[in-house]
Amino acid sequence: MGQIRLLSETVASQVAAGEVVERPASVVKELIENSIDAGARKIDVMIRRGGISLVRVIDDGCGMDRDDTLLSLERHATSKIRSATDLQAVATLGFRGEALPSIASVSRFRLTTREARAIAGTEIIVNGGKLDVVRDGGEAPGTQVEVRSLFYNLPVRRKFLRSENTESRNIEHQVHLQAVGHPQIGFSLLRDDRVLFQLPAAATLSDRIRDLFGAELLQRLVEVTNNRSPQIRISGFIGQAGVSRQTRTQQLLFVNGRAIESSLITAAIREGYHTALMKGQYPVTFLFLELDPASVDVNVHPAKREVRFRDPTGVREAIVHCIQQTLEGARASWQEKFRAPVTLPAAAGKAGPDLRLRPEVSAPHEIYRELPHLGPAVAGGGLSAVASAEADDPGRASAGQALRPPAEPVDSASEGVALQRAAAKTAQQQFQIIGVLNKLYVLMENADGLVLVDQHAAHERILFEELRRRMEEQGVPTQRLLLPQTFDVPPRDADWIERNLSILQRMGIGIESFGPGTFKIDSLPSFLDVSDPAQFMRKVIDDLKSASNTVSAMRLGEEMIAKTVCRHAVKANDALRYPEVEKLIRDLLDCDLPYCCPHGRPTMIQISLAELEKKFGRKV
Ligand code: ADP
Ligand code: MG
C-alpha cells in the first residue's frame, strides 16, 4: 500500500534511541505489537529453546506490499507516525521504526507477508543485518516473522542470556500481558512443540482472564467500578481485599492498551488497598487506564515499557480513589450472601440447642472495650450449651458472664447515632453459627453455604475500624499515666515528632515538647497496655517514620492503629461464648472492609454450596 516513509533526521533524533532487543522476550514483544498494530485477529507464537533458537510470530493482519516490506527493515521507517507532532499523541503500540531492523541485525531473520487482495506476497531473508534474499512468497494473508539464532553474531550479548527456562518464562509473561491487553485477539503459544495455551478470541476481558488464569482467580476478583475523573477512564479487575501474591507477575497495568510498568501507578494501587493488602505482598490487578494520548508520553523508555503522565497527581488520585471505591463496593455483594434467609432444619428448635439468631443478644456495645476483656467460656460447656442457657434468660448471670464487665452506658450523642445506624444494618444480616473450631475458626452458614471466620483477624478488623472512626470523629480515648515520662530522641526523630504532634495527639498520645530533643508523654490511648511508654514511643516513631513520607496524616494514624490493635485483639485461643461470637460476626459484617484484617489477611472464607457439591462429586 506504500505507507511507509523514512522519518526526517530531526524526527528520527527525537525518537528516543535505545536498545530494543535485550532478550528473546523483547523480540516476542515487538513482533506481537506489530501484529496488533496490523489489525490481527489471531496471533500464533512459537518458541524453541527459550526463544534463543527460534521465535516465530504469525498473524492474520494487513500484511505489506513488496516496497513496504523492504522499507520496514530500514531504521526509523514506520507507517505509524509521520512528524514530530504525531509523537505527542501516539495511538499505536509501535512508533519508532526500530524493531524490525534491530532484530534483523542480530539474528537470522525471515519475514513473509501478503496483503489480503494481493496475488503474491513477499519473502525476505536477512542474516545479521545483511539482506540475502527477496522473492515472491507469503502464504495466507498476513505476516510471519521467524527469528532464529538470536545474537549469533553478538557472542557477548548471548552470554548475558539466562537459562532457557527463565527466558521461556519471560516470553510467557510477555504473551500473557499482550493477551490480557487484547482479549478480542486470539493467541496461542507453543514452547518446544508443546502447546502452552491456545486462547480463542474472547468476548470480554473476564473471559480472557478465566481462559488464561482459571475461574478460581476470576471469582476472587472484583470489577473496577469508577468513573470519577472525566480525563482518566479506569476499568478492569482487581483482587478482592485480602487477595495478594508473592510476586508481581499478576500485577498487570495497561495505559491506552499498552502494557507498562509504573512506580507511580503501583504506589497508588498500594495506597488504595492500604490495609486490604498483606505487607510484602503484591496486589493482583488487571487495570486499564484510558486517557487522551496527548496527556501520556510513551517515548521515554527504549523498550516502551514506561510512560510519563502530564498530570501525575491526577492519575495517582484517580487510581487511589478507584481502588478504594471498588474494594468497598465489593462489600455489597458479600453482604448479599448474608441477607437471604438461611434455611434451618425443622427439628432445630426441639432437639439440639437452639442456635437461631436472637436480636436481644446482639445489642451493640463499645466492642473494643468489651471484647478484649472477654473471659473464658464456662468450663466444660461448649458453645451450644452456653447458647441454650442464654436463650432462657439472656440477662441471667452465669459463671461466664460474671467475668464480663457491665456494658458501659452510651453517653455522647454522636455515638448514639452511630450505634443506631449499626443496629439498623445488623438487623438485615442472616447467618447461623455452627460452632468454633480449634478455639479460632468460627464456622457458620449463610445463604451461599459455609463461612469460616478467623476470630482473631475478625476482631482486629473491628477494632481497627472502630478506632479509626473515633480518631476521625472525636479522638481516641486516652488514659493518663500515673507518672508523666520524658524521653530523648535524636534530632531527626525530634523533627518528625514536631511535625506530627497534632496527629499523635489525635491518636490518643498526650505528647509535648520538653526542651530540645526531649518530649514528655502524659497519656496514652486507653486501649493500649504499655509498660514502658518511652520505649513504646520510640517503636511507634520508628514504625511510622518509614510510612510517613508517602502517606497522608490520616493514613499515619491508621498505620499506628493497625500496628497496635493486633496485640489487643481476641487471641486465637480465647474461647468466646455464643453471644460474643455472634456479636463479633455482626460487628465484622458492619465493617467497611469486613473480609480482611488491617494487615491484609483474610478474615472470612466463603465455601459455597456449589463448591461443596463439586467436592463431594454431586455435581461436575
Ligand atoms: P514500528 O512498529 O515502530 O513502526 P517496526 O520496525 O516494528 O517499527 O516495523 C516497521 C514497519 O513495518 C511498521 O511501521 C509496519 O508498517 C510494518 N510492519 C511490521 N510488522 C508488521 C506486521 N506484522 N504486519 C504488517 N506490517 C508490519
Ligand atoms: Mg514495531
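Strand β4 (77–78) and helix α4 (99–105) each supply at least two residues of the shell around ligand 1. Helix α4 gives the most to that shell, with three residues. The model is predicted.

**The ligand site**

Which residues come nearest to ligand 1? Of the 20 residues around the ligand, these are Asn 34, Thr 78, Ser 79, Lys 80 and Gly 97.

| Side chain | Atom of ligand 1 | Distance to an N or O side-chain atom |
|---|---|---|
| Thr 78 | oxygen | 2.6 Å |
| Ser 79 | oxygen | 2.6 Å |
| Thr 143 | nitrogen | 3.3 Å |

How much of ligand 1 does the protein cover? On its own, ligand 1 has 530 Å² of accessible area, and the protein covers 95% of that area.

**The nonpolar cores**

Now to the inside of the chain. The largest nonpolar core has 58 residues. Leu 31, Ile 43, Phe 109, Val 147 and Phe 286 have the most contacts inside this core. Which helix gives the most to this core? Helix α2 (residues 24–37) does, with six residues. Two domains take part as well: the core draws at least three residues from each of domain 1 (9–199) and domain 2 (220–329).

Take Ile 43 as an example. Leaving out residues up to four places away in sequence, Ile 43 touches Ile 32, Ser 35 and Ile 36, among others. The list of its contacts also includes Val 57, Ile 58 and Asp 59. Further along the sequence, Ile 43 touches Ile 185, Gly 186, Phe 187 and Ser 188.

**Helix α7**

Helix α7 spans residues 205–213. Which of its residues are buried? They are Leu 205, Ser 206, Asp 207, Arg 208, Ile 209 and Leu 212. Just after α7 comes Gly 214, with a positive phi of about 100°.

**The whole chain**

The chain has 620 residues, and buried residues make up 50% of them. There are 20 helices and 24 strands. Consider the contacts with a separation of 6 or more: residues 24 or more positions apart account for 72% of these. What does the surface look like in numbers? The chain exposes about 29,100 Å², and carbon and sulfur atoms supply 52% of that area.

Terms used
Residues are numbered from 1 along each chain as its sequence is written. Chains are lettered from A and ligands numbered from 1 in the order in which they are written. This is a predicted model: local features need pLDDT of at least 70, side-chain atom pairs count only at pLDDT 80 or more; totals for chains, interfaces and linings use all residues. Side-chain values use heavy atoms; hydrogens and water are left out. Buried means under 20% relative accessible area, exposed over 50%, partly exposed in between (1.4 Å probe, protein chains only). Helices (H or I, at least four residues) and strands (E, at least two) are DSSP runs, numbered from the N terminus. A nonpolar core is a set of buried Ala, Val, Leu, Ile, Met, Phe, Trp, Tyr and Cys residues joined through side-chain atoms within 4.5 Å. Domain bounds come from an automatic or database domain assignment. Contact means heavy atoms within 4.5 Å. A residue is near a molecule or strand if one of its heavy atoms lies within 4 Å of it. A polar contact is a pair of N or O atoms within 3.5 Å; within protein, one must be able to donate a hydrogen and the other to accept it, and residues adjacent in sequence count only if both atoms are side-chain atoms. Accessible areas come from the Shrake-Rupley method with a 1.4 Å probe; for residues, only the protein chains shown count as cover.
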